[in-house]
Amino acid sequence: MTRRRALLAAPALMLAPAGCSAEPRPTEARITESRTIWRDAARARDIPVLIREPAGTGPAPTILISHGLGGSREGLAYLGRALAERGYLAVHLQHIGSDDSLWRGGGDRMIGLAAGALNVQAALDRLLDSQFALNNLPDRADPGRLAMAGHSFGAWTVQHMLGERLPGGDRGLGLPDPRLKAGVALSPIPAIGLPPRLAYGGFAVPMLHITGTEDHGFIEGIRAPARRAPFEESRNPGALAVLNGAAHASFADEAEAGGRWADSTYHARAAALSVTFLDAVLRADGAARQLLRGGAAELLGPGDEFIERGL
């Protein structure tokens, strides 16, 4: 049954409530960070990567993280840190061609970003980058517990990796990728060129969609209410969170872009919802699942909305 909540709870200070879990959590928040460049020889393409590794030495559930248009591997740092502090291996991918190279070096930033948004090859490269990453995971990655998260163009990447159909066919990509067991889409991108039944019919694994009441896209012209469509027009298990007042840049955490792109107002809530959702799906955490089924009040702020379906 779908449950809807328009809640006036205080923002969560913890990522999840105390309770029973299917496995122990790390006892310390210490994480390590490393930056490297992976080389996809078949495409003669570099993929800059930032890896946030949790404390400990054993296999860890692993989350690929994909930045938005004009972003970089440094973006979504709040999410990567929150995941690593909870025992996840966070692998931030940088997609050359739709990254910060679009606006660095001067020129009109908006023109550069608009050109990147229309670059079909850059979009295809994002999917191929993600598949390359899944084929070349760090040693600590648990291959049975893999998921992907992303913001804006990164959400588009998540949605297609998890089964949203590409207009004109899947170009031999074989999506959805069966290795991915869950997805988190921050500022989801509604389908273009296909009716919802066809566009989202390939979704099977659980997905969390997070958006805001002011989540308008100025490059692609998407208005905030339209970002609900990938959840509302699909049938796979999942949840939708709409954060009151959150804008499109609220989830990016792109420090070098500055201004609204680095504003941290909504980061704690987005991270708390994401980690709790992934705990429920990848770790079979009963307390996390119950929290989501009950409306996630402890993770929300004034006026936020939360809808759960089939978790």
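## Helix packing and nonpolar cores

Helices α7 and α8 pack at an angle of about 125°, with their axes 8 Å apart; axes are lines fitted to C-alpha atoms over the stretch in contact, and angles run from 0 to 180 degrees between N-to-C directions. Because angles under 35 degrees count as roughly parallel, over 145 as roughly antiparallel, 65 to 115 as roughly perpendicular and the rest as oblique, α7 is oblique to α8.

A word on the model: it is predicted, so local features need pLDDT of at least 70 and side-chain atom pairs pLDDT 80 or more, while totals for chains, interfaces and linings use all residues. Residues are numbered from 1 along each chain, and side-chain values use heavy atoms, without hydrogens or water.

Here is who meets whom (contact means heavy atoms within 4.5 Å):

| Helix | Residues in the contact |
|---|---|
| α7 | Thr-276, Phe-277, Asp-279, Ala-280, Val-281 |
| α8 | Ala-288, Arg-289, Leu-291, Leu-292 |

By class, this contact of α7 with α8 has six nonpolar, one polar and two charged residues.

Now to the largest nonpolar core, which has 39 residues. A nonpolar core is a set of buried (under 20% relative accessible area, 1.4 Å probe) Ala, Val, Leu, Ile, Met, Phe, Trp, Tyr and Cys residues joined through side-chain atoms within 4.5 Å. Ile-63, Leu-186, Leu-243, Phe-251, Leu-273 and Leu-278 touch the most other members. Among the elements giving two or more residues are β4 (60–66), β9 (238–247), α7 (267–282) and α8 (286–293), and α7 gives the most, with nine. Helices (H or I, at least four residues) and strands (E, at least two) are DSSP runs, numbered from the N terminus.

Beyond its neighbours within four places in sequence, Leu-243 is in contact with residues including Ile-210, Phe-251, Leu-273 and Asp-304. A second, separate core of 33 residues includes Val-49, Leu-127, Ile-189 and Met-207.

Note on methods:
Buried means under 20% relative accessible area, exposed over 50%, partly exposed in between (1.4 Å probe, protein chains only). Ala, Val, Leu, Ile, Met, Phe, Trp, Tyr, Cys and Pro count as nonpolar, Asp, Glu, Lys and Arg as charged, and the others, Gly among them, as polar.
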